[in-house]
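Let's take a walk through this one together. Have the sequence and the 3D view open, and follow along pocket by pocket.

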Amino acid sequence: MDTADTLRFDNRLIQRLPGDPEPSNQRREVRGAAWSAVMPTPVTAPSTLAVWPEVADLLGLPAGFVDSVDFAEVFAGNALLQGMQPWAANYGGHQFGRWAGQLGDGRAISLGELVAADGRHWELQLKGAGPTPYSRGADGRAVLRSSIREFLCSEAMHHLGVPTTRALSLVGSGEGVLRDMFYDGHPDIEPGAIVCRVAPSFLRFGSFELPASRGEQELLQQMADTCIARDFPELQGSGEALLGDWFGQIAVRSAEMVAHWMRVGFVHGVMNTDNMSVLGLTIDYGPYGWVEDYDPDWTPNTTDAQGRRYRFGTQPQVVFWNLTRLAQALAPLFADVQPLQAGLDAFQATLAACTRRDVAAKLGLSAADAADLQLHQRWQQLMQDGAMDMTLAYRALIGLDVASPDPAVLDGVFYDPARQAAVREPLLQWLHDYATRLRADPLEAAERIARMTRANPLYVLRNWLAQEAIERASEGDMGGVRALQEVLRDPYTERAGLEHYAGRRPAWADHKAGCSMLSCSS
Ligand code: AMP
Ligand code: MG
């Protein structure tokens with residue numbers, strides 16, 4: 001492993017927080033500890049299927065290492081680099097509104113905190129590397145299809161400017177994994193894979209909820225102190241004032257994150273509190289999706305099809321609800337809960353500010369006031385009533401002739417001619433009002449176009465695009481994944497030859513599994 005010998009690890013989380021004294025990966029309740037030492041379970045035939053070179057660069061991995069057999073061995077969980085000390089984190093969570101008790105990393109194993117040349121620490125975490133004490137009834141593995149989805153979407157989001165965990169590698173395990181994709185009693189063997197995720201920290205709201213739920217106040221305090229020192233070094237002060245500032249930062253970052261989701265049309269799908277990062281990063285890519293025909297009630301997650309708790313339009317409210325769960329968990333650390341209330345208020349204020357900022361940018365205005373927000377709401381209603389493709393509709397507005405607005409610019413964005421016809425009159429009126437507003441705005445045309453182009457992506461990871469790449473990969477052809485990496489790396493710049501990736505959902509994908517809807521089976 002010569003070429004990777006220079007890499008340095010400093011595993012602060014497990015140095016600073018109490019661990020589980022039991023060494024086995026037998027499933028169990030783990031009390032009084034934030035993590036359990038656990039080794040990845042080796043796989044028979046690891047092979048590197050794809051890498052994001054920009055993430056390898058961020059970490060300072062030597063180029064020769066990334067292309068080596070050793071790389072596949074390490075990022076499949078078959079070998080460790082000097083300084084790695086694998087662990088699984090302990091946490092709980094509210095799932096679909098109900099307290100679920102201990103959950104923990106059931107199939108994620110952190111290898112260590114790599115110290116990059118610039119001093120930044122990056123936790124490297126394998127997903128699908130075998131069972132841990134937190135695996136409950138499951139196998140600790142992940143299938144190729146869900147691993148491709150996480151590998152691609154993590155970086156797609158990063159390049160869109162959305163805070164997110166990153167992805168380094170996708171390694172095939174050479175082993176089959178048994179999954180009942182439709183939960184209909186017909187399980188199938190599918191190819192297995194392992195993704196290496198990268199983030200400064202994978203601490204979640206549920207990391208704090210679990211000790212709080214058990215009355216483990218000392219552990220809770222230690223976790224808060226460690227999180228602040230490790231992940232929020234910019235925060236100064238001490239005691240409750242510092243804790244209050246920390247919660248305020250979590251709230252602000254969470255608001256910024258979800259505002260970005262709304263801007264780009266991303267639906268997370270499983271916003272349980274165990275899937276909410278305290279760093280305000282998008283985390284745990286499961287049955288996520290991208291809004292196509294605009295519908296705030298849409299969710300891609302079949303498990304949530306009844307209640308639609310995690311539908312597109314309510315995501316900001318769900319983040320807020322999750323923050324109130326976190327505030328409740330942290331309350332024992334405060335004599336006076338006023339700072340927690342202030343943090344919750346900061347969420348609402350930040351969300352409102354981000355929304356105004358993004359509406360202005362998406363519509364090409366220098367700033368958005370209350371009347372502009374109303375104008376935008378009318379546009380959203382038109383996208384919904386007319387069944388317009390969200391991504392394409394905003395992009396089309398960039399090309400509107402402001403002097404004489406012509407609805408023909410929107411011709412390519414509709415899914416249904418009847419619904420297009422139904423909104424014809426109100427759309428004409430809206431375009432007229434919008435163009436009037438643009439003419440009154442101080443922004444020059446070129447500035448407006450640049451601003452809109454930066455706020456409205458053209459290439460997003462539509463579920464059916466991911467599905468096409470997955471189907472090719474299942475046949476052993478990684479060309480589809482590689483092509484998507486190229487496209488998604490630069491989502492705002494229109495490029496010739498990429499029309500396929502900027503297309504409306506084709507009819508074949510309307511009701512196909514993996515395209516319109518996804519199960520949690522992964
Ligand atoms: P999720 O909703 O996918 O974030 O997962 C919720 C919980 O289930 C977490 O504690 C996961 O670690 C665990 N989990 C999900 N899939 C598996 C699996 N295949 N093996 C073990 N644990 C799993
Ligand atoms: Mg999770």
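How many nonpolar, polar and charged residues does the lining of the largest pocket have? Keep in mind as we go that this is a predicted model. The tally for that lining comes to 13 nonpolar, 15 polar and 12 charged residues. The pocket itself holds about 920 Å³ of space. It is lined by 40 residues, and those closest to its centre are R107, K127, R136, C520 and S522. If you'd rather think in secondary structure, look at α5 (144-160) and β11 (188-199), each of which supplies at least two residues of this lining. The top contributor is α5, which gives three residues.

Now for the metal. The magnesium ion, ligand 2, is coordinated by OD1 of N275 and by an OD atom of D284, at 2.0 to 2.2 Å. UniProt, in an unreviewed entry, lists N275 and D284 under "binding site".

What about burial around here? Both N275 and D284 are buried. For N275 the relative accessible area is 11%, and it counts as buried because the cut-off is under 20%. On the chain, N275 is found in the loop between β12 and β13.

The unreviewed UniProt entry places the feature "active site" at D274. You'll find D274 in the loop between β12 (266-267) and β13 (289-290). Its relative accessibility is 7%, which is why D274 counts as buried.

Let's move on to the second largest pocket, which has a volume of about 650 Å³. Its lining is made up of 29 residues, and the ones closest to the centre are M262, G313, P316, T355 and Q380. By class, the lining of the second largest pocket has 14 nonpolar, 10 polar and five charged residues.

How many cavities of 30 Å³ or more does a search of the whole structure find? The search turns up three. The largest cavity has about 80 Å³ of space. It is lined by 14 residues, and L13, A89, E123, F202 and L203 are the closest to its centre. Two strands, β5 (87-89) and β9 (121-127), each supply at least two residues of that lining. Sorted by class, the lining of the largest cavity divides into six nonpolar, four polar and four charged residues.

Finally, zoom out to the domains. The protein chain is divided into domain 1, covering 2-202, and domain 2, covering 367-440. How far apart do the C-alpha centres of domain 1 and domain 2 lie? The answer is 43 Å.

Note on methods:
Residues numbered from 1 in each chain as written. Chains lettered and ligands numbered in written order. Predicted model: local features only at pLDDT ≥ 70, side-chain atom pairs only at ≥ 80, totals over all residues. Heavy atoms only, no water. Donors = N, O, S within 2.8 Å, 3.2 Å for Na, K, Ca; no water. Buried < 20%, exposed > 50% of the residue type's maximum accessible area, 1.4 Å probe, protein only. Domains from an automatic or database assignment. 1 Å grid on protein atoms, 1.4 Å probe; cavity = no way out; pocket = protein on both sides within 12 Å on 5 of 7 lines; lining within 4 Å. Points joined across faces, edges and corners; volume = space filled by probe spheres on them. Helix = DSSP H or I, 4+ residues; strand = E, 2+ residues; numbered from the N terminus. Nonpolar A, V, L, I, M, F, W, Y, C, P; charged D, E, K, R; others polar. UniProt positions renumbered as here; feature names shortened; annotations may be inferred.
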